[in-house]
Amino acid sequence: MPRDNHVLIFDTTLRDGEQSPGATMTHDEKLEIADLLDEMGVDIIEAGFPIASEGDFLAVSDIARRAKHSVICGLSRANFKDIDRCWEAVRHARRPRIHTFIGTSPLHRAIPNLSMDEMVERIHDTVTHARNLCDNVQWSAMDATRTEHDYLCRVVETAIKAGATTINIPDTVGYTAPRESAELIRMLIERVPGADDVVFSTHCHNDLGMATANSLAAVEAGARQIECTINGLGERAGNAALEEVVMAMRVRHDIMPYTTGIDTTKIMNLSRRVSTVSGFPVQFNKAIVGKNAFLHESGIHQDGVLKNVQTFEIMRPEDIGLQAKNIAMGKHSGRAALRAKMRELGIDLADNQLNDLFVRFKALADRKKEVYDDDLIALVQDADTHEAHDTLQLKRLRVICGTDGPALADLGMSIEGVEKSVTAQGDGPVDAAFNAVKALYPHGARLELYQVSAVTEGTDAQATVSVRISESGRIATGQSADTDTVVASTRAYVNAINRLIERRKKSAPGDDVKTVDYRAPAE
Ligand code: KIV
Ligand code: ZN
């Protein structure tokens, strides 16, 4: 394969990203994210793991049907049943790919209890089977970075001979370091017969915070596909972040002269959407997409940036889709200004969405002196997470709290259209409000995460609240924003319960729970 300087971007937000506990997305959310990735120029979208559940299968096949440019890929373990199911899902795509993998390190070989020779045979048979179905086959050596080099060469050679067109070398546990990552790819390209006929890919996890550096080092050694996720979402500490690897190659093109097909101006919008639908907030100081990434707080920095932006900025906010802020929004701003502002923020709204936002913007502007960009983004995200057909709707909330005893919450909620109210006590106002929700809608879901962050500065700032709950292996998240933290918290909690109810309705118990252990090659 000619190793020109073009690097393929393989996005696995919907597979490895969605696999991270609590990041479960609904079907429609997955389709929306896939559309945005396709529009952004991602070369390959790993849309899911079709055998894992009916929901995953449907998501992958629907994404395959609608993708316009990207290759659509599904994951499968090293057995015919997984591969057939994967093909069933991706076959509708203009450009389908089957991705099959097996753990090749000593620790992973012990799980299916295969000898080294038996594993080689399994790789030969499964890759051949996949290649008979689809002419675009990716094979991954899970835990490659902890696999003996001689054995890794042998299994990679087997996969190439059986017809794999992309060879992925994952750092499954985020263990490698840049020099080692480069040496591994270089070693494989030098030693494995047929290496020139395939694309080598890197897939790095971030357990030691080196995923981006390790991916770029692999590219310098000859890898031409990077597997990554938006916001670095993914198992444990996550995967290499798409925005980081892409912007690093763009900003430091002088020393990393590689190109990608990514329209970087779409990055910010995708980052926000993935954060909203996954319920995983982006850390403030996250590279590229963090809220503070382009903020200059100290006097010296501000002074320098005002004189020449390049003093402290290595890239322009516009490069990732953040527009220069020139429309100030307030109480007297009209609908046209709101539309222009949202465009400036990279958010295009349909007329009905704009009308809805306008009403809520006016209500916020009445309560808050200045409405910042982040307030508007929070309003849009809040609208995205509440549906008119939700089973539970918060109607009214009053809390009394203080230093002299438990807090009291008086709550009114409609449940399937029937209005009910209750008063409950709690250890603080949020606890009292949650207890009131539970009293009106008893359920056994456990609260896994409750997170509050202020959208902007000041005591009148909006708070965004994320809530994650779980029930028999099903996980649901809810988010909300309001200038009143207790209201935002209660709405986020109610929203999470609504998502849980939807999941219960869609599946028999356990159906949408990923019960398949993706580490073990079944059969
Ligand atoms: O981290 C990993 O090894 C994976 C494989 C399934 C490619 O995600
Ligand atoms: Zn992974």
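Me: Which residue has a side-chain N or O atom 2.6 Å from an oxygen atom of ligand 1?
Reply: This is a predicted model, in which local features need pLDDT of at least 70, side-chain atom pairs count only at pLDDT 80 or more, and totals for chains, interfaces and linings use all residues; side-chain values use heavy atoms, with hydrogens and water left out. Residues are numbered from 1 along each chain as its sequence is written, while chains are lettered from A and ligands numbered from 1 in the order in which they are written. The side chain with an N or O atom at 2.6 Å from an oxygen atom of ligand 1 is that of Thr172.

Me: How far is a polar side-chain atom of His203 from an oxygen atom of ligand 1?
Reply: An oxygen atom of ligand 1 is 3.0 Å from a side-chain N or O atom of His205. For the polar side-chain atom of His203, the distance to an oxygen atom of ligand 1 is 3.1 Å.

Me: What percentage of the accessible area of ligand 1 does the protein cover?
Reply: Accessible areas come from the Shrake-Rupley method with a 1.4 Å probe. On its own, ligand 1 has 260 Å² of accessible area.

Me: Which elements give two or more residues to the shell around ligand 1?
Reply: Helices (H or I, at least four residues) and strands (E, at least two) are DSSP runs, numbered from the N terminus. The elements giving two or more residues to this shell are helix 1 (13–17), strand 4 (96–103), strand 5 (137–142) and strand 6 (166–171).

Me: How many aromatic pairs are there?
Reply: Rings of Phe, Tyr and Trp (its six-membered ring) pair if their centres lie within 6.5 Å; planes under 30 degrees apart count as stacked, over 60 as edge-to-face and the rest as tilted. By this rule, the number of aromatic pairs is three.

Me: What is the geometry of the pair Phe358 and Phe361?
Reply: These residues lie three apart in helix 14 (residues 351–367), a separation of about one helical turn. Both Phe358 and Phe361 are buried (under 20% relative accessible area; exposed is over 50%, partly exposed in between, with a 1.4 Å probe and protein chains only). Their ring centres are 6.2 Å apart and their planes stand at 45°, so the pair is tilted.

Me: How many residues apart in sequence are the parts tied together by Phe434 and Tyr493?
Reply: The ring centres of Phe434 and Tyr493 are 4.1 Å apart and the planes are at 10°, so this pair is stacked. Phe434 and Tyr493 are both buried, and together with Tyr450 they form one aromatic cluster. Phe434 belongs to helix 16 (residues 429–440) and Tyr493 to helix 17 (residues 485–506), so the pair ties together parts whose separation in sequence is 59 residues.

Me: Is Ile288 buried or exposed?
Reply: Ile288 is located in the loop between helix 11 (267–278) and helix 12 (299–307). Ile288 has a positive phi near 70°. With a relative accessibility of 9%, Ile288 counts as buried.

Terms used:
A polar contact is a pair of N or O atoms within 3.5 Å; within protein, one must be able to donate a hydrogen and the other to accept it, and residues adjacent in sequence count only if both atoms are side-chain atoms.
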